[in-house]
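Please read the following briefing alongside the sequence and the three-dimensional view.

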Amino acid sequence: MLDFCLKCNICYTQCPVIKKEINFPGPKYLGPELERQWLVGGNAGDYKAIQELSYCTNCQQCNLACPHGVKPAYFNLKHKSSLVLPLKDRARDWFLANIYIFGGLGKTLAPLTNTFLQAGLLRGLFENVGITGQRPLPMYDRRRIKVVAGDKPSAKKAVYFIGCYASYFDTGVAGATIKLLQHADYQVEIAPLKCCGTPLLSNGFLKQARRLAEINVARLLAYLDKGYKVVTSCPSCALALKEEYKEIFAIEGSQRLAAGVWDVGELLEAEGIKAKSPIEGGVYYHVPCHLKAQSIGLPFARMMEGTDNLLINYEWCCGMAGTFGYKKEKYNLSLDMGSELFRSIKESRYRYVITDCGMCKLQIEHGTGYQVLHPVQLIEKSLAH
């Protein structure tokens with residue numbers, strides 16, 4: 001890809017960080033430029049000292065912007081693995097990136113866990129290790145995710161990659177997804193899968209992310225071989241399965257897996273599912289960066305055509321970027337990045353605010369005080385009435 005980077009700087013126009021932090025070197029410099037330096041014999045230490053790498057949110061809008069197909073975000077991810085951070089920051093990043101390790105226990109002990117998460121003492125502890133105490137922490141959802149078999153067997157089969165957020169913090173998204181897939185006559189199964197690895201990638205833990213990816217590829221290929229479609233309701237999970245496993249890790253079988261992965265909206269639209277129209281009161285739809293990065297358009301928006309006042313935000317990033325918004329030194333920047341979005345939502349005064357991404361949901365709720373739903377929840381609700 002490097003030969004096609006002409007230093008046109010178009011990627012800079014789409015970077016949400018550089019719009020708010022003028023000193024950020026930007027995707028071209030931190031990606032292709034550093035890679036070129038390294039390939040011609042530059043010392044690895046030349047870019048180990050570039051602390052600004054940690055400010056890349058991995059939104060991947062620079063990848064979409066490049067007119068020549070260069071993917072600066074992937075070079076940024078590679079270089080992050082060589083970034084030298086203070087031990088305290090590295091430990092903090094590891095904890096945030098590995099929340100899935102603690103998710104099962106936190107969910108099982110939800111009442112106790114949530115009490116501790118809300119305690120001021122714990123917030124003070126988090127502040128000391130570099131996690132902002134100003135942002136509300138997501139509460140664990142103790143409800144079990146179950147698949148109730150339909151009355152009739154179906155030839156159409158889907159294996160649901162739930163993702164960490166819906167698994168541990170918002171099982172209502174998983175429940176609505178399962179109901180809509182069954183409404184489309186799919187036999188649904190939930191596979192015992194690992195985290196997709198996106199938080200690890202974004203924080204520079206490439207080796208650990210690769211291990212998760214290898215496990216997921218092997219397990220999901222077994223389902224594809226049995227005629228299942230792989231479906232996920234999380235845009236970041238979908239992007240990892242569709243692109244990052246093959247583009248970054250080149251894992252054997254990852255290309256075949258990518259061809260069998262569907263974003264849930266993408267599959268439901270293909271099956272002709274539509275919301276009952278119109279959904280009254282207006283819908284404000286924030287499109288997550290990782291949904292845009294999949295280049296599948298806006299299937300949920302098309303499924304809600306005819307809705308009374310459907311406003312689609314395709315321009316502004318919410319600023320959360322997964323674990324990015326939880327880091328103490330990035331908290332204010334995170335809110336600043338999402339400020340235009342917050343203002344737009346408040347001015348719309350629409351009844352519903354929706355987004356596909358759990359972390360975008362947390363950011364919007366924090367920045368506006370409004371409740372945010374996943375599109376599957378709104379569409380499932382419309383079909384139930």
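**Briefing: cavities, pockets, salt bridges and backbone**

The lining of the largest cavity is made up of 5 nonpolar, 6 polar and 4 charged residues, where Ala, Val, Leu, Ile, Met, Phe, Trp, Tyr, Cys and Pro count as nonpolar, Asp, Glu, Lys and Arg as charged, and the others, Gly among them, as polar. This is a predicted model, in which local features need pLDDT of at least 70 and side-chain atom pairs count only at pLDDT 80 or more, while totals for chains, interfaces and linings use all residues. Residues are numbered from 1 along each chain as its sequence is written, and side-chain values use heavy atoms, with hydrogens and water left out.

**Enclosed and open spaces**

- Rolling a probe the size of a water molecule over the atoms shows where empty space is left.
- On a 1 Å grid over the protein atoms alone, a cavity is a set of points where a 1.4 Å probe fits but cannot get out, a pocket is an open set with protein on both sides within 12 Å along at least five of seven lines, and lining residues have an atom within 4 Å of a point.
- Grid points are joined across faces, edges and corners, and a volume is the space filled by probe spheres set on the points.
- The structure contains 3 cavities of 30 Å³ or more, and the largest cavity holds about 130 Å³ of space.
- Of the 15 residues lining the largest cavity, those nearest its centre are Ser-54, Lys-80, Ser-202, Asn-203 and Lys-327.
- The second largest pocket has a volume of about 360 Å³; 17 residues line this pocket, and Ile-162, Ser-167, Tyr-168, Ala-191 and Leu-193 are the closest to its centre.
- At least two lining residues of the second largest pocket come from each of helix H7 (99-108), strand E1 (156-161) and helix H10 (164-168), with H10 giving the most, at 3 residues; helices (H or I, at least four residues) and strands (E, at least two) are DSSP runs, numbered from the N terminus.
- By residue class, the lining of the second largest pocket divides into 13 nonpolar, 2 polar and 2 charged.

**Salt bridges**

- Side chains of opposite charge can pair when their charged atoms come close.
- A salt bridge is counted when a side-chain nitrogen of Lys or Arg lies within 4 Å of a carboxyl oxygen of Asp or Glu, and by this rule there are 19 salt bridges.
- Glu-33 and Lys-7 meet in a salt bridge with an N to O distance of 3.2 Å; Glu-33 lies in helix H2 (residues 27-39) and Lys-7 in the segment before H1, so the pair ties together parts that are 26 residues apart in sequence.
- Glu-33 is buried at a relative accessible area of 15%, whereas Lys-7 is partly exposed at 45%; buried means under 20% relative accessible area, exposed over 50%, and partly exposed in between (1.4 Å probe, protein chains only).
- In the salt bridge between Lys-71 and Glu-243, the closest N and O atoms are 3.6 Å apart, and this pair links distant parts of the chain, with Lys-71 in the loop between H4 and H5 and Glu-243 in helix H14 (residues 235-249), 172 residues apart.
- Both Lys-71 and Glu-243 are buried.
- Glu-329 and Arg-92 form a salt bridge whose closest N and O atoms are 3.0 Å apart, linking the loop between strand E6 (310-313) and helix H19 (331-337), where Glu-329 lies, to helix H6 (residues 87-97), where Arg-92 lies, 237 residues apart.
- Glu-329 is partly exposed at 40% relative accessibility, and Arg-92 is buried at 4%.

**Backbone and a loop residue**

- Most residues other than glycine have a negative phi, and most peptide bonds are trans.
- Asn-9, in the segment before helix H1 (10-14), has a positive phi near 70° and is partly exposed, with a relative accessible area of 33%.
- Asp-185, in the loop between helix H11 (171-183) and strand E2 (186-190), also has a positive phi, of about 70°, although it is not a glycine.
- Cys-66 lies in the loop between helix H4 (61-65) and helix H5 (72-80) and counts as buried at 17% relative accessibility.
- The C-alpha atoms of Cys-66 and Ile-10 are separated by 6.5 Å, although these residues are 56 residues apart along the chain.
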